[in-house]
Amino acid sequence: MPHLPGFRIVTAAVVAVWLGHGASASEPSAPRERLEIRSAAGQRTVDAAVLVEAVDGGLLVELPDERYELLQPASIAARQPLPDAPSEETSRELGQRILADLPTGFDVLVTRHYVVCFDTSRDYAKWCAALFERLHEAFGNFWSKAGLDVVDPPRPLVVVIFADRRRYEAYASRDLGAATDRVVGYYNLLTNRVTTFDLTGTDGVPRPAGQASSGTAFEILTSPAAAGLVATLVHEATHQMAFNCGMHRRLAPVPLWVSEGIATYFETPDLDNTRGWRGIGKVNRPRLDHFLATHRAGDIATLIASDERFRAAEGPLDAYAAAWSLTRHLVETRKKQFVDYLHMQAAKLPLADDSAADRRREFEASFGQSPEEIEEEVVKAMARLASQR
Ligand SMILES: [Zn+2]
């Protein structure tokens with residue numbers, strides 16, 4: 001069984017403080033402003049799109065490098081409207097902007113849809129980028145064919161890959177805090193970036209003395225860490241696609257079972273293929289086995305009502321396994337309703353409110369059945385799937 005790393009979508013704790021403060025969100029074409037921002041570090045000027053304005057004057061803004069920032073009212077010294085059309089930054093310029101924020105030794109690889117910042121070998125970064133491009137295409141095709149309104153992400157998607165686990169952990173700790181040692185890759189909703197490290201080169205994987213990872217497909221895929229590597233990269237890249245193609249909006253109250261269900265639906269590796277991944281919706285054996293081993297009555301209904309099980313210190317992997325099982329079952333048996341449900345989620349605005357009752361009502365409106373009824377079906381369907389091995 002492949003090593004199952006801890007996956008995570010990261011948001012800032014501060015977001016929770018904003019929820020329910022009567023903030024009003026802008027539609028996708030957010031107005032742009034030049035902002036003077038005061039902080040302990042001094043004053044700076046940024047050009048940003050204003051996404052949400054809170055009643056107390058606080059702002060959620062998107063910066064030119066795709067990062068979201070929450071500004072407290074006291075930190076905003078001046079605001080000035082800007083003409084709508086931003087000057088188009090090239091992928092390479094975006095890459096240079098991101099390098100300035102990374103430790104020394106990083107370089108940029110630009111592909112059709114991605115800006116990959118890496119301090120691994122260029123061949124390794126290229127292999128990863130090819131995997132991202134493949135996912136990008138497969139993801140768009142799959143959902144368009146299913147009838148979902150998805151667009152090509154309007155901006156390049158940024159991925160940061162560290163060669164070395166220790167440097168990754170030092171960098172990632174600002175996003176992940178104490179969880180850093182358990183999380184081998186993550187998508188951050190505020191920065192819009194995927195950050196990870198070369199799982200085949202570290203993590204206690206033996207390698208002949210003096211031999212660095214050269215990044216050939218053969219070397220990557222024969223590493224004992226290959227399955228975990230592919231699952232991590234595809235999982236996080238799927239989140240990033242979902243939040244940039246119109247499926248969900250960043251910081252909107254999209255239930256975690258949906259976003260994690262979709263990421264786990266896509267992540268299953270195929271190590272017989274030189275890219276390590278071929279298609280979508282293959283049976284995710286580790287998630288299936290985990291679900292059958294840990295499921296208790298009521299688990300799926302709880303997941304539909306609240307994200308709490310994903311955040312629990314104990315057994316968050318149980319929630320991921322249940323999210324995969326539920327998503328797999330709904331996509332296989334009710335694709336049209338699932339797409340309707342996704343359209344409902346796509347309409348949610350950043351920092352909007354929701355409640356357990358809202359979530360339950362939306363679910364029942366889309367699927368015409370209660371979470372408890374669907375849960376019963378899922379458990380039977382997963383047991384059948386496992387018996388087909
Ligand atoms: Zn995830």
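**Close-up views of a predicted model**

View 1. Helix H3 (residues 122–145) packs against helix H6 (residues 226–242) at an angle of about 50 degrees, and their axes are 10 Å apart. H3 is therefore oblique to H6. The two helices form a right-handed crossing. On the H3 side, the contact comprises Cys128, Leu131, Phe132, Leu135, His136 and Phe139, which meet Leu233, Val234, Ala237, Thr238 and Met241 of H6. By class, the residues of this contact are nine nonpolar, two polar and no charged.

View 2. Valine 116 lies in strand E9, which spans residues 114–118. With residues up to four places away in sequence left aside, valine 116 touches Leu109, Ala125, Cys128, Ala129, Val159 and Ile161. One of these residues, Cys128, also belongs to the H3 side of the contact with H6.

**View 3. Packing of helices H8 and H14.** Helix H8 (residues 285–294) and helix H14 (residues 371–387) cross at roughly 125 degrees, with axes that come within 10 Å. H8 is therefore oblique to H14. The crossing is left-handed. H8 contributes Leu288, Phe291 and Leu292 to the contact, and H14 contributes Met382, Ala383, Leu385 and Ala386. These residues divide into seven nonpolar, no polar and no charged.

**View 4. Packing of helices H8 and H11.** H8 also packs with helix H11 (residues 316–333), at an angle of about 110 degrees and with axes 8 Å apart. The two helices are therefore roughly perpendicular to each other. H8 passes H11 in a left-handed crossing. Arg287, Leu288, His290, Phe291 and Thr294 of H8 make the contact with Leu317, Asp318, Tyr320, Ala321, Ala322, Trp324 and Ser325 of H11. The classes represented are seven nonpolar, three polar and two charged residues. Leu288 and Phe291 of H8 take part in this contact and also in the contact with H14.

**View 5. Helix H7 and arginine 311.** Helix H7 (residues 256–266) is mostly covered, with eleven of its eleven residues buried. Among the buried residues of H7 are Leu256, Trp257, Glu260, Tyr265 and Phe266. Arginine 311 is placed in helix H10, residues 308–311. Arginine 311 counts as exposed because 11 other C-beta atoms lie within 10 Å, and the limit for this class is 12 or fewer. Arginine 311 and leucine 256 are 55 residues apart in sequence, with a C-alpha to C-alpha separation of 10.0 Å.

View 6. The average pLDDT of the protein is 86, and 88% of the residues score at least 70. Over residues 11–23 the pLDDT stays under 50, and the model has 22 contacts beyond four places in sequence for this stretch. Residues 202–210 likewise have a pLDDT below 50, with nine contacts in the model beyond near neighbours in sequence. Where pLDDT is low, predicted coordinates should not be read in detail.

Methods
Residues numbered from 1 in each chain as written. Predicted model: local features only at pLDDT ≥ 70, side-chain atom pairs only at ≥ 80, totals over all residues. Axes fitted to C-alpha atoms, helices over the stretch in contact; angles between N-to-C directions. Helix = DSSP H or I, 4+ residues; strand = E, 2+ residues; numbered from the N terminus. Parallel < 35°, antiparallel > 145°, perpendicular 65-115°, else oblique. Left-handed = near helix turned anticlockwise from the far one by under 90°. Contact = placed C-beta atoms within 7 Å. Nonpolar A, V, L, I, M, F, W, Y, C, P; charged D, E, K, R; others polar. Buried ≥ 20, exposed ≤ 12 C-beta atoms within 10 Å, placed from the backbone. pLDDT = per-residue confidence, 0-100.
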